Amino acid sequence: MSYQGKFRVWRGDDSGGALEDFTVEVNEGEVVLDIIHRLQATQAPDLAVRWNCKAGKCGSCSAEINGRPGLLCMTRMSIFEESETITVTPMRTFPIIRDLVTDVSYNYTKAREIPSFAPPKDLAPGEYRMQQVDVERSQEFRKCIECFLCQNTCHVIRDHEENKEAFSGPRFLMRVAELEMHPLDTADRVDQAQDDHGLGYCNITKCCSEVCPEHIHITDNALIPMKERVADRKYDPIVWLGNKLFKRS
Amino acid sequence: MPELERHSFDVLVIGAGGAGLRAAIEAREHGLRTAVLCKSLFGKAHTVMAEGGIAAAMGNANESDNWQVHFRDTMRGGKFLNNWRMAELHAQEAPQRVWELETYGALFDRTKDGRISQRNFGGHEYPRLAHVGDRTGLELIRTLQQKIVSLQQDDFQEFGDYEERLRVFQEFTVTELVKDGERVAGAFGYWRESGRFVLFEAPAVILATGGIGKSFKVTSNSWEYTGDGHALAMRAGASLINMEFIQFHPTGMVWPPSVKGILVTESVRGDGGVLRNSDGKRFMFDYIPEVFKDKYADNEEEADRWYTDQANNRRPPELLPRDEVARAINSEVKAGRGSPHGGVFLDVSTRLPAEEIRRRLPSMHHQFKELADVDITAQPMEVGPTCHYVMGGVEVDPDTGSSSVPGLYAAGEVSGGMHGSNRLGGNSLSDLLVFGRRAGAGAAQYVRALGDRPVVAEQAVAEARATALKPFQHEGGENPYTLHMELQQSMNDLVGIIRRAGEMEEALQRLEKLEERARSLTVEGHQQFNPGWHLALDLRNMLLVSECVAKAALLRTESRGGHTRDDHPSMDSEWRRKLLVCTTSGEGVRVEEKPQIPIRPDLLDLFDRTELEKYLTAEELS
């Protein structure tokens with residue numbers, strides 16, 4: 001059941017690099033990460049790759065396989081032809097550190113800019129009451145494993161480095177939506193989504209949802225509903241008129 | 001020599017899983033400048049792998065539940081070897097720690113009246129596990145991560161700097177603790193990304209590094225679990241207890257080979273899943289041990305009725321503590337009644353409607369579909385035991401998490417005592433929170449009371465640096481990957497789920513040879529993000545900890561919880577009164593017996609005398 005597979009893996013650092021060819025054993029049931037590990041153990045001991053749980057739960061091993069963003073641990077070798085050359089490259093949107101490892105600090109910076117959960121002041125711990133149907137909306141977004149594949153794929157930053165300042169990306173716009181839909185969060189998240197996190201940059205091409213390994217409906221369930229709330233607040237002509245007439249802020 | 005990067009903090013927390021983050025939150029809330037050092041990215045720690053839930057006697061699903069019942073279950077699960085004070089604190093404080101998570105923003109699954117839903121689990125008398133589907137660990141880690149961010153935002157408001165009092169150093173490995181005389185003075189390590197060395201000066205260090213599973217071949221643990229905290233503590237002069245007790249989780253994936261060992265949550269059984277052998281028989285009825293006969297159903301009808309009527313029926317034997325189920329599966333496979341790939345069948349497809357399975361067990365459904373091409377709503381899973389958890393760890397003071405070394409604390413899996421000889425499912429996440437918080441508070445108190453701060457000796461720093469660079473000095477020596485594979489194979493085969501004296505003696509001989517070869521490890525390339533070098537340094541810890549496991553296991557001539565001796569198959573009440581304590585003075589591991597602390601009388605009174613007779617000696621009962 002084993003065969004010799006052909007691989008091209010990007011090797012290098014922030015000063016440059018190139019694709020390197022390898023021929024390596026592939027066994028039944030393996031995933032791409034297994035092959036990368038075999039390369040480390042037998043041919044390239046200093047090949048840098050991030051990984052952790054190897055079960056699609058931690059979101060560490062994000063990369064691009066034949067140009068398609070995915071988790072190395074959840075991409076099975078059986079989806080490829082044995083004769084196919086498989087190309088593994090690092091995520092393109094983030095600066096290279098070495099080989100398949102990128103600098104994902106952009107994401108941590110953005111995470112820190114979102115005001116945290118604002119708990120109700122009148123409820124003590126243990127007094128929280130919420131209905132399952134109400135928590136489920138935010139629970140879907142909390143399935144996020146922070147692999148940052150959506151961030152990597154979103155063309156707003158993938159093709160426009162200059163947007164990184166103003167745009168938090170699908171993962172963190174979804175975090176804003178998650179807090180907005182939290183049954184007990186007391187903060188207002190609508191204006192900040194648009195003004196501070198660049199929701200308006202998103203033009204709902206749904207690439208983020210397509211690459212999400214957790215199959216979260218990022219665009220349909222998080223971003224579009226947030227856009228609707230923003231539109232209701234900021235652009236509804238009747239609301240606009242009401243605000244003008246009654247001087248609501 | 002490039003200049004050494006230096007930082008100074010009040011409290012260092014090593015590890016960013018549940019225990020580490022909870023400890024850091026506590027230390028920071030006490031106003032101390034706190035740093036978290038972790039090997040992976042922030043938010044990726046092994047806690048994300050926890051699936052089933054957090055055990056806490058909130059009584060939401062069954063009003064009869066309370067801390068005393070939880071305490072009893074925990075002691076039974078650990079076969080009474082537990083540190084009773086830890087078990088007591090844990091049972092009492094777990095509900096508060098869970099409710100507190102809600103104030104941080106956690107969203108647990110709900111009961112009909114809007115409270116936190118609780119599910120059944122092995123060894124727990126009542127439905128007790130707060131959960132989010134089967135991804136509770138992810139919820140826990142994300143919630144704590146977001147709480148840390150929230151505290152950093154507070155500091156930004158107050159000081160204009162997010163990292164004024166709480167900073168996370170991610171992808172950073174600690175290789176050595178440094179001391180000033182008897183006291184802890186800081187930690188030395190390197191950035192994984194650049195390989196540059198860093199010295200942290202701090203009067204208090206909290207170890208929260210998790211377990212040791214990477215010393216075994218078949219394991220549910222990630223690469224991080226190399227026993228770093230266990231080894232750091234020992235080298236700093238602290239002692240480890242209970243190292244012979246390793247939990248083999250009964251249900252790991254067995255196929256395909258590349259995912260062998262990955263966890264299949266106990267919730268599958270808690271929610272109705274059953275274990276069958278190749279004859280289609282629910283074999284667990286044949287494996288109910290004497291001590292549990294009155295608590296577990298001996299026929300399928302009663303077991304099935306229990307899911308809807310717990311007051312009038314005994315529990316299904318699939319929900320026995322993990323050590324019992326793991327041994328049973330092992331026996332079935334050995335007797336030739338296993339599944340095609342060397343496990344047994346775990347079936348939930350005939351027990352629940354497909355829709356319900358997808359709702360309650362979404363990540364299991366996803367995991368089997370993606371990795372094994374198995375649809376668990378239509379087919380059984382193949383499962384077998386996998387190395388999951390080490391009960392043993394740093395010997396600590398229950399109330400503060402302090403080790404015997406002043407300034408050194410431990411919490412979570414790296415600490416020992418709480419779970420005795422076997423941990424119940426769901427008691428790990430609650431352990432992290434209860435004792436993470438306590439260690440954070442303990443360290444804070446210690447630092448506050450400190451007169452003069454310890455000073456790091458430059459000599460110690462130079463030695464730590466030399467040790468870390470050693471693998472680059474050799475040429476043509478051993479490959480760390482090869483050595484690691486041999487270690488895993490030896491531990492798996494010789495100190496695994498069923499143990500024999502001869503095999504463990506052989507394991508110790510092999511370990512000695514591996515230690516010798518490890519001295520000439522060779523690493524190619526340079527210090528920047530070099531996985532070969534990282535493994536070479538981690539191997540040192542794995543070898544030390546493996547020696548503890550093998551030596552303690554050889555000495556304990558009885559079977560109890562996560563320690564099963566083929567040559568000493570029964571439990572021995574005399575051994576319950578003894579702990580095996582591991583220390584090192586540099587060369588090799590020393591293991592000594594130490595008397596177990598007797599259980600406080602009012603806690604003993606929570607049990608029937610007939611039950612105590614199964615565990616305690618006549619002398620203790622009189």
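The following paragraphs describe the interface between chain A and chain B, one residue within it, and a region of chain B.

The structure is a predicted model, in which local features need pLDDT of at least 70 and side-chain atom pairs count only at pLDDT 80 or more, while totals for chains, interfaces and linings use all residues. Residues are numbered from 1 along each chain as its sequence is written, chains are lettered from A and ligands numbered from 1 in the order in which they are written, and side-chain values use heavy atoms, with hydrogens and water left out.

Contact between the chains (heavy atoms within 4.5 Å) involves 62 residues of chain A and 65 residues of chain B. The two chains bury about 5,300 Å² between them, 52% of it on carbon and sulfur atoms, where buried area is the accessible area (1.4 Å probe) lost by two parts on being put together, summed over both. On the side of chain A, the most area is lost to chain B by Lys57(A), Arg112(A) and Arg142(A), which together account for 16% of what that side buries.

Six salt bridges are found across this interface, a salt bridge being a side-chain nitrogen of Lys or Arg within 4 Å of a carboxyl oxygen of Asp or Glu. Lys57(A) forms a salt bridge with Glu51(B), at 3.4 Å from N to O. Elements giving two or more residues to the side of chain A that touches chain B include helix H1 (32-42), helix H2 (105-112) and helix H6 (169-181) of chain A, helices being DSSP runs of H or I with at least four residues and strands runs of E with at least two, numbered from the N terminus. The largest share of that side, five residues, comes from H3(A).

Arg142(A) is placed in this helix H3 (residues 132-142) of chain A.

In chain B, Leu352(B) lies in the loop between strand S15 (344-347) and helix H9 (354-360), and counts as buried at 15% relative accessibility. Beyond residues up to four places away in sequence, Leu352(B) touches Asp271(B), Ile357(B) and Arg360(B).

Technical notes. Buried < 20%, exposed > 50% of the residue type's maximum accessible area, 1.4 Å probe, protein only.
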